[in-house]
Amino acid sequence: MKVMPLARRCARKLAAVAVSLPVLAAGASGALAQGEVNIYSYREPQLIDPLLKAFTDKTGIKANVVYAAAGLNERLAAEGQNSPADLLFTVDAGRLSEAKDAGLTQAVDSSALKAAIPAQFRDPADNWFGLTMRSRVVYASKERVKQDAITYEELADPKWKGKLCIRSGQHVYNTSLIATMIAHKGEAATEAWLKGVKDNLAHKPAGGDREQARDIFSGKCDIALGNTYYMALMAKNEKNPEQKEWGAAIKPLFPNANDRGSHVNISGMALAKHAPNKANAMKLMEFLASEEAQGIYATANNEYPVNPKVQPSEIVQSWGKLKPDPLPLENIAKYRKKASELVDKVNFDAGPSS
Ligand SMILES: [Fe+2]
């Protein structure tokens, strides 16, 4: 696997095509690109490298990755039909839906993908497919929180006043959760809930999910919201061993385990609308959903495999059973803008009002 300057490569390829265009038949231009697949990825290289290596070892197809934290959708749109991208990898069902709605993706008809990925975790129109799942859970102080069950609704209960920590309400992890609250409870109830959550904050929302565990460790708060895989990242962090203490200070509570289930989101993939290497891209998509690749995801990333035949890693299993909220993930895309507006409306990121 090689991270390649795709823009340069694209220009080179286009130049080659332009020069030889008169003799190229439609099939021949496909042959030019045979043996590779090009990925635009919002997911960090270290998360996907082991999977791409396994794919290349198995198929001989070279995987080229352009990684960026932002702007890949815009790049795909600007490149249009000249785009060298075959696949888009990203986190969050909302972002995958956005790519679809912007006309940047195409449907994939694959019985292997449908068999491997439950319907809840893929687009009803087959434009995007989940690969891994994470839940947004409550990190609770092992020392100070006695209860072993909680609901998202309860985060607004005044009993937590001054005890709750969270990252910015505008972060996609939070707007996605708030979007599911809107889907379940309606806008007015969600606004009231959000105000209640805000009033319980220990301080202004700041940091990432791991910093909330840090603040529980240091006693600034008793509960926080965080994604599941960060608990593994803290527990195994040799580079920043202080994070092991943060992780050891908390226990996960899976919200709404006794009713609708806990909010889950996905990382996933979509086939680019103008994918030049469509057959190879589909091979990679099917590989990533296979038991082999899902097993690699489970151990490397400590996310939950979407393929129900594959078990989560040992540490993930040690947290207890996840019951995912069965709400179709397209609701996240549907209500995320509204969720973001509510965050602003209640002035969530200003922190507690009193
Ligand atoms: Fe994350």
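A polar contact is a pair of N or O atoms within 3.5 Å, where within protein one must be able to donate a hydrogen and the other to accept it, and residues adjacent in sequence count only if both atoms are side-chain atoms. The model is predicted, so local features need pLDDT of at least 70 and side-chain atom pairs count only at pLDDT 80 or more, while totals for chains, interfaces and linings use all residues. Residues are numbered from 1 along each chain as its sequence is written, and side-chain values use heavy atoms, with hydrogens and water left out.

**Helix α5**

- Helices (H or I, at least four residues) and strands (E, at least two) are DSSP runs numbered from the N terminus, and α5 covers residues 93–101.
- D92 caps the N-terminal end of α5, with a side-chain oxygen 2.6 Å from the backbone nitrogen of G94.
- A93, G94, L96, S97 and A99 of α5 are buried, that is, under 20% relative accessible area with a 1.4 Å probe and protein chains only.
- The cover over the buried residues of α5 includes α4 (72–79), β4 (87–91) and α15 (330–345).
- After α5 comes G103, whose phi is positive, near 75°.

**T132 in strand β6**

- T132 is found in strand β6 and is buried, with a relative accessible area of 0%.
- The side chain of T132 makes polar contacts with the side chain of S267, at 2.5 Å, and with the side chain of E303, at 2.8 Å.
- Leaving aside residues up to four places away in sequence, T132 touches residues including R43, N265, Y297 and V306, where contact means heavy atoms within 4.5 Å.

Key
Buried < 20%, exposed > 50% of the residue type's maximum accessible area, 1.4 Å probe, protein only.
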